[in-house]
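Subject: Handover of a structure and notes on its fold

Dear colleague,

Please find below the structure that I am passing on to you. My notes on what was found in it follow directly after.

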Amino acid sequence: MDNQSSDFLTDYLNTPAPTGYEMDAQRIWSEYIAPYTDEQQCDAYGSTWAVLRSKHKDAPTLMLDAHADEIGFSIRHIDDNGFVRVERLGGSDAAIGRGRRIRFIGTDGEVIGITGNTAIHIRDDGDKAPKVWDLYVDLGCDSREEVEALGLRVGTPGVYCDGPLMLNDGRRLVCRALDDRLCGYIIAETARALKEQGVQPEWNIIFANTVQEEIGCVGAGMLAFNLAPDAAICLDVTHATDSPGLDKGRYGDIRLGKGGCLCYGPACHPNLNARLELLADKENIPMQRETTGRSTGTNTDAIYRARAGVPATCFSLPLRYMHSPVETADLHDVQCCIELLVAFIKSLKCSDSFHHRL
Ligand SMILES: [Zn+2]
């Protein structure tokens, strides 16, 4: 990762983008990818995409997708004593919600608060995990008026403060929102690698950074309808199962540092998977496998069902501690994902189709 990449990633990670409030992060992403692509746009709800045009007229289109949004909170209630209760944006884990720092995006700029942690000595529920409505945010205020004077209202969104941290001499990256900001980074770096290698692909390539994945793959569905791609690869995170206490018989064997993870199952088109597998093998790029018997829980589900059906698959970055402020990924896996996407795009011929044929 050179300085340019690392500056972009740091900036992108440090920018809050709770579900429904992604535009600050989208502008950073769009600005980074602009020199490597032919045009950049966003839709009504903020899903943002850049296009790299094929050298051929009437070429098919591949969509690479990641999601820009992250889980967070939204203010539900401000009480008379200046304490704030929150609603979840996406799958925030209330069990780890106490004793944290939260950045709220207020009407007059950012406001930091902390989630109170009533001392264990005097807490009624002892070790029991709190519900989201048990959490309360302390903003250093003594009244509702004081909270409102900071620019906070019912509906103000916020995310944890936790920014990027490197472990083991830069080998592993820790941050909130690596799900799925790190895949947005992978997509942007794929565009950059193609440009730097002087590749003008045979297909049109859409690099998409969609919104509102965390509440049901919303932006990706809108965008797949709008742009009608001929094939799509969704980049999201998957659970690494190599930390203590996880049963591999139940959750599979996914490790950090062993490459991206290709998903197999009805939502993942076998023709796309076959091509990715072939290329990983030919180019010697490490890749792992996982399976899901129904949907993937990623944007793949919305994209493959769009319109008359879009051949799509789910290619994931292994991640520990998903939906926590210490999400952890291995930078070698990030590199492997970029390399496989570049190889895939270079392999595309105008005459290729991933549809089934009789
Ligand atoms: Zn995700």
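Helices, as named in these notes, are DSSP runs of H or I with at least four residues, numbered from the N terminus. On that basis, helix α5 is followed by alanine 228, which has a positive phi near 45°. Please note that this is a predicted model.

The open sheet

One of the sheets is open and has eight strands, in the order β1-β2-β12-β3-β13-β16-β14-β15, with mixed pairing. Strands β1 (39-42) and β15 (287-291) form its edges; each has a single partner strand, so one side of each is left without a neighbour in the sheet. On average, neighbouring strands are turned by 25° against each other, direction ignored.

Within this sheet, β3 (residues 61-67) and β13 (residues 231-239) pair in the parallel sense over four bridges. One of the residues involved is methionine 63, whose bridge partner in β13 is alanine 232. Helix α7 (residues 270-282) packs on the sheet, where it touches β13, β14 (260-264), β15 and β16 (312-319). The direction of α7 makes about 150° with that of β14. Helix α9 (residues 331-347) lies across β3, β12 (204-210), β13, β14, β15 and β16, and runs at about 160° to β16.

The barrel

The model also contains a closed barrel of six strands, which runs β4-β5-β8-β7-β6-β9 with antiparallel pairing. Three of its pairings may be described in turn.

- Strands β6 (residues 101-106) and β7 (residues 109-115) are joined by six bridges in the antiparallel sense; glycine 106 stands opposite glycine 109 in β7.
- Strands β6 and β9 are antiparallel and share three bridges, with isoleucine 102 opposite tyrosine 160 in β9.
- Strands β4 (residues 72-78) and β9 (residues 157-160) pair in the antiparallel sense over two bridges, and serine 74 is placed opposite proline 157 in β9.

Nonpolar cores

In soluble globular proteins, nonpolar side chains tend to be buried together. The largest nonpolar core here has 83 residues, and Leu64, Phe207 and Leu235 touch the most other members. Setting aside residues up to four places away in sequence, leucine 64 touches Ile187, Thr190, Ile205, Ile206, Phe207, Ala208, Ile233, Leu235 and Leu341.

Helices

Which residues of α2 meet α4? They are Trp29, Tyr32 and Ile33, and their counterparts in α4 are Gly184, Ala188 and Ala191. Helix α2 (residues 23-33) packs against helix α4 (residues 178-196) at an angle of about 20°, with the axes 9 Å apart. Because angles under 35 degrees count as roughly parallel, α2 is roughly parallel to α4. The crossing of these two helices is right-handed.

Helix α5 (residues 218-227) is mostly covered, with seven of its 10 residues buried. Those buried residues are Val218, Gly219, Ala220, Gly221, Leu223, Ala224 and Leu227. Their cover includes strands β2 (48-52), β3, β12 and β13, together with helix α8 (299-304).

Backbone geometry to inspect

Most residues other than glycine have a negative phi, and most peptide bonds are trans. Against that background, several places in the backbone deserve mention.

Alanine 177 has a positive phi, near 65°, and lies in the loop between β11 (172-175) and α4. A residue counts as buried if 20 or more other C-beta atoms lie within 10 Å of its own. Alanine 177 has 29 such atoms within 10 Å and is therefore buried.

Glutamine 212 likewise has a positive phi, near 55°, and is found in the loop between β12 and α5. With 23 other C-beta atoms within 10 Å, glutamine 212 is buried.

Finally, the peptide bond from aspartate 179 to aspartate 180 is cis, with omega near 10°. Aspartate 180 is found in helix α4.

With kind regards

Notes
Residues numbered from 1 in each chain as written. Predicted model: local features only at pLDDT ≥ 70, side-chain atom pairs only at ≥ 80, totals over all residues. Pairing = 2+ DSSP bridges. Core = buried A, V, L, I, M, F, W, Y, C linked by C-beta atoms within 7 Å. Buried ≥ 20, exposed ≤ 12 C-beta atoms within 10 Å, placed from the backbone. Contact = placed C-beta atoms within 7 Å. Axes fitted to C-alpha atoms, helices over the stretch in contact; angles between N-to-C directions. Parallel < 35°, antiparallel > 145°, perpendicular 65-115°, else oblique. Left-handed = near helix turned anticlockwise from the far one by under 90°.
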